[in-house]
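Student: Could we go through this one label by label? I'd like to hear what stands behind each term.

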Amino acid sequence: MLDISADQRRALRARAHALNPVVTISQNGLSDSVLQEIGTNLDSHELIKIRVFNDDRAEREKYLAIICEQLSAAAVQHIGKLLVVWRPSPAAMAPKSPRRRAAPRRSKRSFQGNSSN
């Protein structure tokens, strides 16, 4: 489970405000196929909303904990029947290779050579 700071959580909540839920958990509960779908959406979107069709708040809290634990994600928000989950994309987590510096640009005169006779 990822830990995020309060500032990160605030920024992620602001980003998630305009999102629509991409995964729904119905009365059947949190199955392996639903977890796989959540993982796929986290890979492509990083930040997702999940709608839970269950009236039991404790059950929704349990779902959020299971999702974050099994998918190495961070719980951003649980408000009503919506869960907001974030996981950085694998490309963002991979170490970046150092950029090679381009050769310095040459002026036109440097290509003309020595013009003194």
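What follows is a conversation about the terms used for this predicted model.

Student: Let's start with the helices. How do you know how α2 and α3 are placed relative to each other?

Tutor: From the two axes. Helix α2 (residues 32–45) and helix α3 (residues 57–71) have axes that come within 11 Å and cross at roughly 65°. The crossing of α2 past α3 is right-handed.

Student: Which residues make the α2 and α3 contact?

Tutor: On the α2 side you have Leu35, Ile38, Gly39 and Leu42, and they meet Ile67, Gln70 and Leu71 of α3. By type, that contact has five nonpolar residues, two polar and no charged.

Student: And which residues have the most contacts inside the largest nonpolar core?

Tutor: That core has 17 residues, and the ones with the most contacts inside it are Ile25, Ile38, Leu42, Ile50, Ile67 and Val85. At least two residues each come from β1 (21–25), α2, β2 (47–52), α3 and β4 (82–86). The largest share is from α3, with five residues.

Student: Why is it called a nonpolar core?

Tutor: The term asks for buried nonpolar residues joined through side-chain atoms within 4.5 Å, so each member has to pass on burial as well as on type. In soluble globular proteins, nonpolar side chains tend to be buried together.

Student: What is Ile50 in contact with?

Tutor: Leaving aside neighbours within four places in sequence, Ile50 is in contact with Val23, Ile25, Ile38, Ile67, Lys81, Leu82, Leu83 and Val85. There is also another core lying apart from the 17-residue one. This other core has eight residues, among them Ile4, Leu12, Leu47 and Ala74.

Student: Asn54 lies in the loop between β2 and α3. Why is Asn54 called buried?

Tutor: The cut-off for buried is under 20% relative accessible area. Asn54 comes out at 16%, so Asn54 counts as buried.

Student: What does Asn54 touch?

Tutor: Not counting residues up to four places away in sequence, Asn54 touches Gln27, Glu59, Arg60, Tyr63 and Lys81.

Student: On to charges. How many salt bridges does the structure hold?

Tutor: Five.

Student: What makes Arg87 and Asp43 a salt bridge?

Tutor: The test is a side-chain nitrogen of Lys or Arg within 4 Å of a carboxyl oxygen of Asp or Glu. For Arg87 and Asp43 the closest N and O atoms are 2.6 Å apart, so the pair qualifies. Arg87 sits in the loop between β4 and α4 (90–93) while Asp43 is in helix α2, so the pair ties together parts that are 44 residues apart in sequence.

Student: Are the two ends of that pair buried or exposed?

Tutor: One of each sort, roughly speaking: Arg87, at 14% relative accessibility, counts as buried, whereas Asp43, at 42%, is partly exposed.

Student: How do you know that Arg57 and Glu61 form a salt bridge?

Tutor: Their closest N and O atoms are 3.5 Å apart, and the limit is 4 Å, so they make it. Both lie in helix α3, four residues apart, about one turn of the helix.

Student: What about Glu59 and Lys62, what is their N to O distance?

Tutor: It is 3.6 Å, and their side chains meet in a salt bridge. These two also lie in helix α3, three residues apart. Glu59, with a relative accessible area of 23%, is partly exposed, and Lys62, with 45%, is partly exposed.

How values were computed:
Residues are numbered from 1 along each chain as its sequence is written. This is a predicted model: local features need pLDDT of at least 70, side-chain atom pairs count only at pLDDT 80 or more; totals for chains, interfaces and linings use all residues. Side-chain values use heavy atoms; hydrogens and water are left out. Axes are lines fitted to C-alpha atoms, for helices over the stretch in contact, and angles run from 0 to 180 degrees between N-to-C directions. A crossing is left-handed if the near helix is turned anticlockwise from the far one by less than a right angle, and right-handed if clockwise. Contact means heavy atoms within 4.5 Å. Ala, Val, Leu, Ile, Met, Phe, Trp, Tyr, Cys and Pro count as nonpolar, Asp, Glu, Lys and Arg as charged, and the others, Gly among them, as polar. Buried means under 20% relative accessible area, exposed over 50%, partly exposed in between (1.4 Å probe, protein chains only).
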